[in-house]
Amino acid sequence: MKKNTIRLDEYTWEEIRSLIENGHKTVVFGIGATEQHGPSLPLMADALQADETANIIAHELPKALQAPTIRVGYSKYHMHFPGSMTLRVSTLQALIEDYIDSFVHHGFNKIVIFVSHGGNVPSTQKVVAEKHQQYPNVRIVYYYDQDAMPVIGKLAMEFQLTPGQIGTHAGHMEASMVQYYAEDLVDKDRLVEGYTGEWNEEMHHKMHENGMHTISKNGILGDQRGSSKEMGQKYIDALKPVMMNYIKKNLEE
Ligand SMILES: [Zn+2]
């Protein structure tokens, strides 16, 4: 194959047919979101991370291709903020189902889904479980943040940040990663602090019921101050082996 790409949709159908015949039976795709990430980060923050991380995964796995990223997800609780988009849960689940059915139809037997946005996790989990029942000979693995907490804890110590500052949405970690992937899209004069207080089930429930703006006026859960491209590289380097171990282990089961 002359083309030097792992992106499925950059090939022709004849090229894909030969790739599958030659054992390229793993396909990876990301599911992101198009939603507010505070005053400094673009709405595409999660879509960008989904696409870039799926690309990393596809490069790390043998004979894997990357399928188009789902760039809009379930973000209902961000709709107070202009520009945010949301799919209905039923739409998102239907999309994931249709992606998987398409791949299985062509003979892919290992499917990896990288989820960059927490709101998409329950839908992904549900569809993956159903598809495993339907296709017992196909391995489907989704990755969100499994096994990552101890690594993030270590980085927090190293950077002298609290877990609240590292953040769960547009905080220090995410602001750094977005700068790593697309520095030009980040307004560095507007890297600010959001809600960094306690986070528990009750807060999580409140966010989903009443909207993110009732917890954080600027839309950030975390503290973006001090975040940078260099820090982004550190987060990514530390998290990549944990993610790849999890995916490889679960693809083999
Ligand atoms: Zn995000």
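Author: Gladly! Keep in mind that this is a predicted model.

Reader: Where is Phe29 found, and does it count as buried or exposed?

Author: Phe29 is found in strand 1. Its relative accessibility is 0%, so Phe29 counts as buried. For an example of sequence against space, take Phe29 and Ala54: they are 25 residues apart in sequence, and their C-alpha atoms are 5.6 Å apart in space.

Reader: Now the nonpolar cores. How many residues does the largest one have?

Author: The largest nonpolar core has 41 residues. Those with the most contacts inside it are Val28, Ile57, Leu61, Tyr143, Tyr235 and Ile247. The elements giving it two or more residues are helix 2 (45-60), strand 3 (110-115), strand 4 (139-143), helix 5 (149-159), helix 7 (172-182) and helix 9 (229-252). Helix 9 supplies the largest share, 9 residues. Another core, of 38 residues, lies apart from this one, and includes Leu65, Tyr74, Tyr142 and Leu221.

Reader: Which residues does Ile247 touch?

Author: Not counting residues up to four places away in sequence, Ile247 touches Ile57, Leu61, Val112, Val141 and Tyr143.

Reader: Next, the metal. Which residues coordinate the zinc ion?

Author: The zinc ion is coordinated by His37 through NE2, Asp46 through OD and Glu174 through OE, at 1.9 to 2.0 Å. Along the chain these donors follow the spacing H-x8-D-x127-E. His37 lies in the loop between strand 1 (26-31) and helix 2, while Glu174 is in helix 7, so this pair ties together parts that are 137 residues apart in sequence. Both His37 and Glu174 are buried.

Reader: How many residues of helix 7 are buried?

Author: Helix 7 is mostly covered, with 10 of its 11 residues buried. Among the buried ones are His172, Met173, Glu174 and Tyr181. The cover over the buried residues of helix 7 includes helix 2, helix 5, helix 6 and helix 9.

Reader: How should I read a pair of packed helices?

Author: Two packed helices are described by the angle between their axes and by the distance between those axes. Here, helix 3 (residues 89-106) and helix 4 (residues 121-134) pack at about 40°, with their axes 10 Å apart. Helix 3 and helix 4 are therefore oblique to each other. Their crossing is right-handed. The contact involves residues including Leu92, Ile96 and Ile100 of helix 3, and Thr124, Val127 and Lys131 of helix 4.

Reader: One last feature: what should I look for in the backbone angle phi?

Author: Most residues other than glycine have a negative phi. In this structure, Lys63 has a phi near 45°, a positive value in a residue other than glycine. Lys63 sits in the loop between helix 2 and strand 2 (64-66), and is partly exposed, with a relative accessible area of 43%.

Reader: Where is Gln160 found, and is it buried or exposed?

Author: Gln160 is found in the loop between helix 5 and helix 6 (163-166). Gln160 is exposed, with a relative accessible area of 72%. Its phi is positive too, at about 55°, although Gln160 is not a glycine.

Terms used
Residues numbered from 1 in each chain as written. Predicted model: local features only at pLDDT ≥ 70, side-chain atom pairs only at ≥ 80, totals over all residues. Heavy atoms only, no water. Core = buried A, V, L, I, M, F, W, Y, C linked by side-chain atoms within 4.5 Å. Buried < 20%, exposed > 50% of the residue type's maximum accessible area, 1.4 Å probe, protein only. Helix = DSSP H or I, 4+ residues; strand = E, 2+ residues; numbered from the N terminus. Contact = heavy atoms within 4.5 Å. Donors = N, O, S within 2.8 Å, 3.2 Å for Na, K, Ca; no water. Axes fitted to C-alpha atoms, helices over the stretch in contact; angles between N-to-C directions. Parallel < 35°, antiparallel > 145°, perpendicular 65-115°, else oblique. Left-handed = near helix turned anticlockwise from the far one by under 90°.
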